[in-house]
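Thanks for coming, everyone. I'll take you through one structure today, piece by piece. Please have a look at it first.

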Amino acid sequence: MPIISKLVNNTVAKTGITSAPPGPNDPLLRVEDLRAYFYMDEGIVKAVDGVSFEVHPGKVVGIVGESGCGKSVTMKAILQILEPTAKIVSGKVSLRMRTGSDDPNSAEEWIELTRQKPNSRIMRRIRGAEIALIPQEPMAAFSPVHTVGNQIMETILLHRKVSKAEARQIAIDVFRAVGISMPEQRIDSYSWELSGGLRQRAIIAMALSCNPRLLIADEPTTAIDVTTQAQILKLLRRLQEERQTSIIFITHDLGVIAQMADEVVVMYLGMVMERGPVMTIFKDARHPYTQALLRSIPSVQSTPRVKLPTIAGSIAHPFNRPSGCPFHPRCTRFMRGVCNTAEPRMIPLGDNHFVNCFLYSQETAPAADTAAPAAPTEQSA
Ligand code: SF4
């Protein structure tokens with residue numbers, strides 16, 4: 001019996017996780033009502049507070065929101081690499097996992113990641129071989145005292161049953177696949193000898209080296225210039241199409257989302273405000289926050305020297321999250337006595353489109369057309 005199958009079966013026995021095989025239309029990753037809080041001396045920060053979404057095989061899910069909205073903490077919670085002060089308090093993350101190493105044709109079983117210990121064998125197996133991370137800052141991801149090739153080989157040897165020579169050849173091949181010229185020589189470089197663009201390609205090569213089925217790209221183009229950004233986005237799109245790898249793409253840039261994503265999740269202060277197919281979100285966004293984000297994107301049709309609309313106020317301090325809807329102090333559709341007294345619930349609007357706003361719940365929706373943004377109303381903190 002393959003080792004991973006034994007691990008899964010042992011885990012099933014120990015934790016009671018269902019081993020029913022996934023169906024053909026099931027997602028690769030399912031996140032359900034996930035909550036991860038930071039316990040600090042100053043108080044509790046609800047960094048992720050009831051997040052749900054799915055990632056289907058071969059699809060790109062873009063997670064968008066301002067800094068501090070919980071995008072990266074959601075990913076760390078999925079991978080169980082949270083800081084010591086943070087804890088998953090509830091919710092469920094399930095992954096369709098191959099039972100036979102990296103064989104693409106092996107059987108699959110559901111594994112509930114939220115029931116695994118962060119340092120367990122199974123989580124170490126999942127990180128790298130099933131889910132790989134492309135971090136924001138590649139300089140920090142590579143050790144400066146080892147060559148990038150050795151670090152990639154180390155990952156390959158950890159997850160795949162190959163010899164050192166084979167691992168080196170795999171590393172050279174992934175270097176070539178991500179468009180690094182002279183891969184046989186560049187593999188022996190140190191990270192500080194590579195340009196920003198090459199370092200980012202090398203980190204993508206490391207992430208791909210064990211054929212993961214899900215890549216988490218955490219703002220992978222933030223630290224590089226605009227031309228290189230465009231090349232890296234094109235590369236990720238090509239690799240995703242060729243390998244049918246699923247990607248969770250974290251960014252604050254809606255332009256990047258438009259280019260990359262099939263589905264969009266819009267987050268604000270640890271909660272999902274809206275989610276749906278990318279075309280629906282760009283053409284028919286319903287949440288006032290999503291609408292405001294879309295209005296603030298510069299366009300070639302923008303009138304020169306006219307200021308772009310911005311969202312009034314600033315994101316609340318995480319220790320001081322507003323009551324009710326977390327967006328209410330900045331919302332132009334604020335309804336006093338409703339939005340500041342209770343938290344809205346996610347409402348399905350059809351076509352896999354969901355919105356978390358009182359404007360769309362039957363009990364609280366105003367009679368007027370709710371899709372069009374209204375003039376600012378009196379607001380409450
Ligand atoms: Fe605005 Fe109220 Fe909707 Fe929140 S629930 S986004 S405050 S209208």
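Predicted model: local features only at pLDDT ≥ 70, side-chain atom pairs only at ≥ 80, totals over all residues.

Start with strand β3, residues 60-64, and strand β8, residues 246-251: five bridges join them, and the two run parallel.

Now widen the view. Which sheet do these strands belong to? An open one, made of eight strands in the order β6-β7-β8-β3-β9-β10-β12-β11. The pairing is mixed. At the edges you find β6, residues 131-134, and β11; each of these pairs on one side only. How are neighbouring strands turned against each other? By 20° on average, with direction ignored.

Next, the helices. α2 lies across β3, β6, β7, β8 and β9. Relative to β8, α2 runs at about 145°. Helix α8, residues 196-208, also packs on the sheet. α8 touches β6 and β7, and its direction makes about 170° with that of β6.

Stay with α2 for a moment. The loop between α2, residues 71-79, and β4, residues 86-98, holds Gln80. Is Gln80 buried or exposed? Its relative accessible area is 11%, and buried means under 20%, so Gln80 is buried. What does the side chain do there? One of its polar atoms lies 2.6 Å from the backbone oxygen of Leu113. Leaving out residues up to four places away in sequence, Gln80 touches Ile88, Leu113, Thr114, Gln116, Pro118, Met123 and Arg127.

Let's move to the aromatic rings. Searching the whole structure turns up four aromatic pairs. I'll pick one of them: Tyr268 with Phe327. The centres are 5.1 Å apart, the planes are at 80°, and the pair is edge-to-face. Where do the two residues sit? Tyr268 is in strand β9, residues 263-268, while Phe327 is in the loop between α12, residues 288-295, and β11, residues 346-350. That is 59 residues apart, so to speak of this pair is to speak of a link between distant parts of the chain. Both Tyr268 and Phe327 are buried.

Look at Phe354: the charged end of Arg275 sits over it, 4.3 Å from the ring centre.

That's my tour. I'm happy to go back to any part of it.

Key. Residues numbered from 1 in each chain as written. Heavy atoms only, no water. Phe/Tyr/Trp six-rings, centres within 6.5 Å; stacked < 30°, edge-to-face > 60°. Helix = DSSP H or I, 4+ residues; strand = E, 2+ residues; numbered from the N terminus. Buried < 20%, exposed > 50% of the residue type's maximum accessible area, 1.4 Å probe, protein only. Lys NZ or Arg CZ within 6 Å of the ring centre and 35° of its normal. Polar contact = N/O pair within 3.5 Å; in protein donor to acceptor, adjacent residues only side chain to side chain. Contact = heavy atoms within 4.5 Å. Pairing = 2+ DSSP bridges. Axes fitted to C-alpha atoms, helices over the stretch in contact; angles between N-to-C directions.
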